[in-house]
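User: I have a two-minute gap and want to go through this model. Can you take me through it?

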Amino acid sequence: MHAVCVWKWYIDCRGYDPPLAQESVVKMAAYPELMANSAEIARALLTAAREGPAVASCTVMGATDGVDIAPGAKMLVYADRQLGDLGGGPLEPAVVAFARDAIPRHVVQTCAFTPSGEPVEGRRAIEAADAIVEILVEVVEPAATLLVVGGGHVGLAVGQLGAMLGMEVAIIDDREDYANEARFPYEAQVICGDFAEELERFPITANTYIVLVSRGHKVDELALRTVAERGAGYVGMIGSKRRTRTVLQHLAEDGVDTDKLDKVFTPIGLDIGAETPEEIAVSVLGEIILVRRGGGAQPMSEYGRLLATTRR
Amino acid sequence: MPHDEVFEAMSTAFDGGAPVALATVAQTLGSTPRKTGAKMLVREDGSFVGTIGGGCGEAEVWQEAMDTLEDGAARMVTVDLTEPVDGEDKICGGIMRIFVEKLEA
C-alpha cells in the first residue's frame, strides 16, 4: 500500500472546505529491506548529529500510486559519499545532487520529484504532474558553535541568546573578571587566556559562528587576524563604520586574504535600531540566523504589502 | 536548531540495544506549534523526549510511535489542529504531517 502523497494532499486541503478527510492516520507498509540497513543508517545519523560531518538525510515520505518506491526508505548523503540508496533508478542521482547542495544551506524540507528525477516545484506543477515522489531532505549536524570574543556586556548577552537558540557557546576574554564561570548564568565554555593563543587553539569549522565584541578594536583586530582565514560559517565584528574599515585595511595590508575580509560582517548585526547590549545581541543573532537559514530580513508584513501591490 | 536531547536519548537506547521510534514533522500547513524537522523520540517503555508540538496532537503521535515500535512499520500521521474540540478553539490552527519510523542499532 502506498502512502497518500503529501503534496497532493496539501493541495487538496488548501481551502479547508470541505473539511479534511476523517482518516487522520495513514499507515505505511513495513519494508524488510529497509529494516536490514537501518542499524547502519541509524548509527550514522547519530554520529552526524553528535560529531559531524553534516549529512543530508533523505527519506521517502510518499509517492503517488503506481510509483515503485518504498515509503520510509532512507538514504544518507554526505559531501563526498552516500550511505544507503533509494533503489537506484534515475530518481536517486537527482536526490543525491539536491541533498548535497542542501548541506551548506541547513535545509529541512519535503521536496517533490518526478520518478525520473525532475524536481517539481510550485502548486501548478505539482497539480499537473502525473506521478510524484516526496522526499524529506533534512540536514543533520551537530549544534552550531557560537564563539564570542570578549566577555563584556555585549558578549554576555550575545552568549545568552546563543545558548537560548541551542548553540554551543564559548566565550573568550583575557581578563578574569570577564571570563569566569560565575559571570555566565547559562551553559558556556568560558576560556580565560591570551586572545591570540586561545583562538589559534580553538577548533573552527563551517559550523562555527564567531562574534568579535571585545573591549576595543585593537583586540578585535588581533582576533580577526587569527580567525579570518579559517573557514568559519560567520565572522562578525562590532564597531563603527570608520573603525571597522581601518581594521580591515590593516589586515589587508598585512596580506590577509581580501576575499575572506570581504565576507566579514562589520559593522555587525541587523539594522533594528538596537541600543542596549541585549538588543545588540538580538541584532547579532538575527544576522546569524539570516546567514544560516536565509531570508529577506524585512518585516513579514512588508511581504504582504508587496504581494497586494503586485496583485493590483 | 539542534535536537541534542533527542539524539542523546537515541544514543543511550542504542548502547543498551534498545530500538526507538522517531517522529519527525515532515510538513506543515498554516499555523502549527513546531515546524518541519521537529522531533520526538519514544522509547519502548513509553517514555519520550523532544516535542512535535506539546499537546497539539502529541498523544496521537505517541500512540502511533508505540505501534511502530511493535510492528516496525513506518507511518505518516496527520494532525489536524484546525477543528475546534469541545467547542473551544485550539491554539494552533494548522495541519501537520508527521513521519514516524523505528530505528535500531
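User: Start with chain B. How many helices and strands does it have?
Analyst: Chain B has two helices and five strands. Helices (H or I, at least four residues) and strands (E, at least two) are DSSP runs, numbered from the N terminus. This is a predicted model: local features need pLDDT of at least 70, side-chain atom pairs count only at pLDDT 80 or more, and totals for chains, interfaces and linings use all residues. Residues are numbered from 1 along each chain as its sequence is written, while chains are lettered from A and ligands numbered from 1 in the order in which they are written.

User: In what order do the elements of chain B run?
Analyst: From the N terminus on, α-β-β-β-α-β-β.

User: And what share of chain B is buried?
Analyst: Of the 105 residues in chain B, 52% are buried. A residue is buried if 20 or more other C-beta atoms lie within 10 Å of its own, exposed if 12 or fewer, and partly exposed in between, with C-beta atoms placed from the backbone.

User: Over to chain A. Why is strand β11 described as largely enclosed?
Analyst: Because five of the five residues of β11(A), residues 208-212, are buried. On one side these are Thr208(A), Ile210(A) and Leu212(A), and on the other Tyr209(A) and Val211(A).

User: Which strands does β11(A) pair with?
Analyst: β8(A), residues 145-149, pairs with β11(A) in the parallel sense over five bridges. β12(A), residues 234-237, pairs with β11(A) in the parallel sense over four bridges. Two strands pair if DSSP finds at least two bridges between them.

User: What unit do β11(A), α7(A) and β12(A) make?
Analyst: A right-handed β-α-β unit, with α7(A) covering residues 217-227. Right-handed here means that, with the strands pointing away from the viewer, the path from the first strand over the helix to the second runs clockwise.

User: Different topic. How do α5(A) and α10(A) cross?
Analyst: The axes of α5(A), residues 153-164, and α10(A), residues 277-293, come within 8 Å and cross at roughly 50 degrees. Axes are lines fitted to C-alpha atoms, for helices over the stretch in contact, and angles run from 0 to 180 degrees between N-to-C directions. The two helices are therefore oblique to each other; angles under 35 degrees count as roughly parallel, over 145 as roughly antiparallel, 65 to 115 as roughly perpendicular and the rest as oblique.

User: Which residues make that contact?
Analyst: Among them are Val154(A), Leu161(A) and Gly162(A) of α5(A), and Ile280(A), Val284(A) and Leu285(A) of α10(A). Two residues are in contact if their C-beta atoms, placed from the backbone, lie within 7 Å.

User: What about the open sheet in chain A, what is the strand order?
Analyst: Six strands run in the order β4-β3-β2-β7-β5-β6, with antiparallel pairing. The edge strands are β4(A), 82-83, and β6(A), 119-120, and each pairs on one side only.

User: Which residue stands opposite Gln82(A)?
Analyst: Val77(A). β3(A), residues 74-77, and β4(A) pair over two bridges.

User: At what angle does α3(A) run to β7(A)?
Analyst: About 30 degrees; α3(A) lies across β2, β3, β4, β5, β6 and β7 of chain A.

User: Last one, Ala94(A). Where is it, and what is it in contact with?
Analyst: Ala94(A) lies in α3(A), residues 91-102. Leaving aside its neighbours within four places in sequence, Ala94(A) is in contact with Phe113(A) and Gly117(A). Ala94(A) counts as partly exposed because it has 19 C-beta neighbours inside 10 Å.
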